[in-house]
Amino acid sequence: MTTTEPVIVELPELAAQWARIRARLQGEVGDAIYRTWLRQMILGGMDGDEVTVTLPTRFLRDWVTSRYGARISALWQSENAAVRRVDIRVGSAVPGAIPRDDATCDDRTFYAATVAAPSIEPAALTVAAVYPPQTPLRSPATSGASTQEDRIEPRSDLAAALDPRFTFEGFVVGKPNEFAYACARRVAERPSSPGFNPLFLYGGVGLGKTHLMHAIAWELTERTDRRVSVAYMSAEKFMYRFIAAIRSQATMEFKEHLRNVDVLMIDDLQFLIGKDNTQEEFFHTFNYLVEAGKQIVVSADKSPSDLSGLEHRLRTRLGCGMVADLHTTTYELRISILEAKAARAGVPVPVKVLEFLAHKITSNVRELEGALNRLVAHANLFGRPVTLETTHEVLHDILKAHDRRVTIEEIQKKVAEHYSIRLTDMSSARRARSVARPRQVAMFLAKQLTSRSLPEIGRKFGNRDHTTVMHAVSRVSELMQRDGSFAEDVELLRRLLES
Ligand code: ADP
Ligand code: MG
């Protein structure tokens, strides 16, 4: 658009022509391609002999221009002899329709925001307003009971192999993961339920995100006798597949494969940060599937709102279903997981060893599991039973890495702050409960988080005897068993100190 006066008078007529062109295109290319690529085109307006059509992304614009640009021009000319040129360009959202942070997850709002028009020019905005896209949000072909063709098998090249150990049965549930577990179960039982689509699982490394995703996939495929097709892949793999598809000019096939699945799971979405084109592609696939009533499950290391490198509209969209957090493990959960894994290990592992591991390796379940596996492998190899002694020996390197650099002074400071007592009371002789209990907690944490011996710890607490430290450790453990909120307090302190 170069001149100043857009031809507003002709807009209704133009819109009617555009509607006919779209219908003809749809007839020519078929529903699937039309929905994938062309539906999002929106009429910008007409200026002189040039018609503007916009698409929401550069990627879509390039694709449509290269494949259908000539055809779209020809159709325009057959509809309207005055049209000489068709400008297919990238259009952002209509001002005001852009989802804000508080944007609702209503499909229509979102739809308007993603496909609405483009141009910064008033005339174009008018056209968008009088000519909203009429495509239904859920096409009957894809939303109702799925036909046999809908339920195609996942293409083996698109679905990564699922780990047979990662089932719901093999997942140990505790406070930190019970919500995520319940959500995953729910999605596996009733995919695409309102409120659970997408399911967004997030949490730190090794806390069970991948495990839960595989569990959903296993459950779904088994329960439905493989009638529900599930594609699971890491975001990284998604990107490589996508790039490979572009290189071999097979993006259509890539899209078609993905758009034919009933459930799409993308693991470690944070990988797409900074990979704009892939993000774009994922965004469109995502929208397509959600509109078609298909389930999406995504995992990442942070919550949608904290994934600041992802496009805003994608983050908004990701937060629209159910967001479930896998919290860092508690001592209790680590013990339960170790017990479950040890029970299947084939060699007896003493409780003392499990407790020791649960105390020492707190960062993630993968490392915990790795440590246990190593002990078991060692026991099998040398025919020696697992004991605390062999544990120290075999896991020497791991334990060293886990020897936190946190000092007793730091522990005392944090604990004193937490309980609002003076730092000097950590080594004072005062025995009032209000200072004695925090002091015991600090001793307990010093025993757990440092490699100092009991006498060394005692010395740092006003030259107390090692038996006092021992007593403090057992007293705090005992209280943690009995008093949930006290246990949470101590766990919180531990996490603060470890981070
Ligand atoms: P993430 O994907 O969050 O990094 P994974 O799902 O790969 O973590 O989990 C790491 C390892 O820990 C896997 O072997 C997994 O089976 C195990 N794991 C994690 N959480 C649990 C749990 N609650 N119960 C049993 N195993 C678990
Ligand atoms: Mg993972």
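User: What should I know before reading the values?

Analyst: Residues are numbered from 1 along each chain as its sequence is written, and chains are lettered from A and ligands numbered from 1 in the order in which they are written. The model is predicted, so local features need pLDDT of at least 70 and side-chain atom pairs count only at pLDDT 80 or more, while totals for chains, interfaces and linings use all residues; side-chain values use heavy atoms, with hydrogens and water left out.

User: In what order do the three strands of the open sheet lie?

Analyst: Strands of a sheet pair through backbone hydrogen bonds, either parallel or antiparallel. Here the order is β1-β2-β3, with mixed pairing. The edge strands, β1 (42-47) and β3 (85-90), each pair on one side only. Helices (H or I, at least four residues) and strands (E, at least two) are DSSP runs numbered from the N terminus, and two strands pair if DSSP finds at least two bridges between them.

User: How many bridges join β1 and β2?

Analyst: Five, in the antiparallel sense, with β2 covering residues 50-55. As an example, Gly45 has Thr52 in β2 as its bridge partner.

User: How do I read a pocket, and how much space lies in the largest one?

Analyst: Rolling a probe the size of a water molecule over the atoms shows where empty space is left. On a 1 Å grid over the protein atoms alone, a pocket is an open set of points where a 1.4 Å probe fits, with protein on both sides within 12 Å along at least five of seven lines; lining residues have an atom within 4 Å of a point. Points are joined across faces, edges and corners, and the volume is the space filled by probe spheres set on them. The largest pocket holds about 930 Å³. Its lining has 28 residues, with Glu355, Phe356, His359, Lys447 and Gln448 closest to the centre.

User: Which element gives the largest share of that lining?

Analyst: That is α21, with six residues.

User: Why does the largest pocket lie between domain 3 and domain 4?

Analyst: Domain 3 (331-401) and domain 4 (408-498) both give residues to its lining, so the pocket lies between them. The bounds come from an automatic or database domain assignment.

User: Which residues lie nearest the centre of the second largest pocket?

Analyst: They are Gly206, Leu207, Gly208, His211 and Arg366, from a lining of 26 residues. This pocket holds about 490 Å³. α8 (209-223), α13 and α15 (365-382) each supply at least two lining residues. Domain 2 (178-326) and domain 3 (331-401) both contribute to the lining, so this pocket lies between them.
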